[in-house]
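I opened this structure for the first time and kept notes as I went. The entries follow the order in which I looked things up.

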Amino acid sequence: MNWVWFHKWASPKWFFQKTDALVLWFGFLCLILLTVGTVWGLAFAPEDFKQGNSFRIFYIHVPSAILAQSIFMAMAISAAVGLIWRIKLAHIFVEVAAPIGASITLLALLTGAIWGKPTWGTWWVWDARLTSTLIQFFIYLGIISLYQAIENRDTASKATAIACLVGIVNLPIIKFSVNWWNTLHQPATFKLTEAPSMATEMWVPGLIMMIGFYLFFAYLVLIRMRSEVLEREKRSAWVREYLEKKDVL
Amino acid sequence: MIGGAFRYEFLQAYRLRSELVNPVVFFVMVCAMFPLALGSNAQLLAPLASGIVWVAAVLATMLSLDQMFRQDFDDGILEQMELSEVPFYQIVAFKILAHWCLTGLPLVILSPLLAMMLYMPAESYLSLIIGLLIGTPILSLIGAIGAALTVKIRRGNIVLALLVMPLYVPILIFGSTAPLMAAEGIVPAAQLLWLAAILVLMATIAPLAAALSLRVNIYGS
């Protein structure tokens, strides 16, 4: 197989030029999907016969919770790619995605708490899923603070990548320990509603929101990666050329 | 060389005896805080005892982590160790082992005394000691990765704590539930075996990861 296409994406210049148009498309698509999904989910989807209107936060809670986990997975894969093939763009992705991942995890926790109040009668339960999401949030914060604390940028990139990989090795252990501890202590009174066989008109807006969330993440990451690339390559000729063309200099 | 590295650690610790004692004193003091804050009711403290001892052990270990590599990194000894013909991860592994002998092991030895002061039921003692004996090396191993990553940061203590604490959660859960199971008359084999499994995993990964992190910090890239 020809790997040239792959190597080309490791070049900051190639990445910057090729994503120029992509950013707009991602932004445009996620705007449409999020608008359609939100309006459909919050206004037109049928009411849940048990939870009433409070279930509608599902359309924000579930996509953010799933996305939060995917971001961590993507960060770990990218960290490994960066360490093994010494690709700087992969490191940039990790650094740029971490704060987004942390805020999405926080969104999942907050919407979960808001959803929990009317359905469980309490803001917070030390349930297995909640606890492991909280710990995942802490891991995000630890990684961000590590990156912020190291002054040398190359050292910071590699240290962050190692921390990501150590975090991903530990994540299954944390999940398992929390699950297990939960069954020991927590009576089965509270349980996250097991995926109900939803009506089609209920899950379709959920799916739209999910794709919208992923595109939103891609959009944010691309914007932040591009500005990071520009900053790091500010001394190279192609950046000056680009800025001159934009009439910034 | 390996024996030398080991002896070097102990000699260093012996010359700084006060630093050696600090985590142990901290451990005892944290444990003593709980009865003062929660009230000295035996009925209340007995079920909490294992959790208190474990939290104190985790905090005491975390306090000692920052010194694991810092001094040797600052005066360049670590760089010389990296340059020696012995694989670097082996030296790091022995440093971690020495760290456990000097901070983890004293905590294990002291733990029955503290458990007694917290009115822990007699059936729980064995599982608490075995749990700490398996668990505290894991704390040193995971902590070594964090200490190696933050070795270059001035006042890296808080970053180190933020980085390492979430990873300590499983050890805390397995370790502190084992004595509770034992108190109910169940053999906590599952928890202890899980701890042993994590120990094997971490003993394999942590020296390599810590050595890699130190190398990144030594060479700057």
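**Entry 1: R86(A)**

I began with R86(A), which is exposed because it has 12 other C-beta atoms within 10 Å. On the scale I used, a residue is buried with 20 or more other C-beta atoms within 10 Å of its own, exposed with 12 or fewer, and partly exposed in between, the C-beta atoms being placed from the backbone. R86(A) sits in the loop between α3 and α4 (88-120) of chain A. Helices (H or I, at least four residues) and strands (E, at least two) are DSSP runs, numbered from the N terminus.

I then looked up the backbone angle of R86(A): phi is near 55 degrees, a positive value in a residue other than glycine. Most residues other than glycine have a negative phi. R86(A) comes after α3(A). That helix, residues 58-85 of chain A, has 28 residues and reaches 40 Å from its first C-alpha to its last, close to the 40 Å expected at 1.5 Å a residue. The expected span is 1.5 Å times one less than the number of residues.

**Entry 2: What kind of model this is**

I noted that this is a predicted model, in which local features need pLDDT of at least 70 and side-chain atom pairs count only at pLDDT 80 or more, while totals for chains, interfaces and linings use all residues. Residues are numbered from 1 along each chain as its sequence is written, and chains are lettered from A and ligands numbered from 1 in the order in which they are written.

The predictor gives the complex an ipTM of 0.89 and a pTM of 0.89. For chain B I found an average pLDDT (the predictor's confidence in each residue, from 0 to 100) of 91, with 99% of the residues scoring at least 70.

**Entry 3: Chain A**

I counted 8 helices and 0 strands in chain A. The C-alpha atoms of chain A fill a box of roughly 60 × 40 × 40 Å along the principal axes. Of its 249 residues, 37% count as buried. Among contacts in chain A between residues at least 6 apart in sequence, 80% join residues at least 24 apart.

I checked two pairs. R129(A), in helix α5 (residues 128-149) of chain A, is 50 residues along the chain from N179(A), and their C-alpha atoms are separated by 7.7 Å. T35(A), in helix α2 (residues 12-44) of chain A, is 204 residues from V239(A) in sequence and 35 Å from it in space, C-alpha to C-alpha. R129(A) is partly exposed, with 17 other C-beta atoms within 10 Å, and T35(A) is exposed, with 12.

**Entry 4: Chain B**

Chain B has 9 helices and 0 strands. Its radius of gyration is 18 Å, close to the 17 Å that the globule rule gives for 221 residues, so chain B is as compact as a globular protein of that length. The radius is taken over C-alpha atoms, and the rule is 2.2 Å times the number of residues to the power 0.38. Buried residues make up 50% of chain B.

I also found a positive phi here: Y119(B), not a glycine, has a phi of about 60 degrees. Y119(B) lies in the loop between α6 (88-117) and α7 of chain B.

**Entry 5: Where the chains meet**

How many residues of chain B are in contact with chain A? I found 26, and they touch 25 residues of chain A. α8(B) gives the most to this side of chain B, with 11 residues. The residues on that side divide into 18 nonpolar, 7 polar and 1 charged. Ala, Val, Leu, Ile, Met, Phe, Trp, Tyr, Cys and Pro count as nonpolar, Asp, Glu, Lys and Arg as charged, and the others, Gly among them, as polar.

Not counting residues up to four places away in sequence, I142(B) touches V164(B), L167(B), Y168(B), M202(B) and A206(B).

Key:
Contact = placed C-beta atoms within 7 Å.
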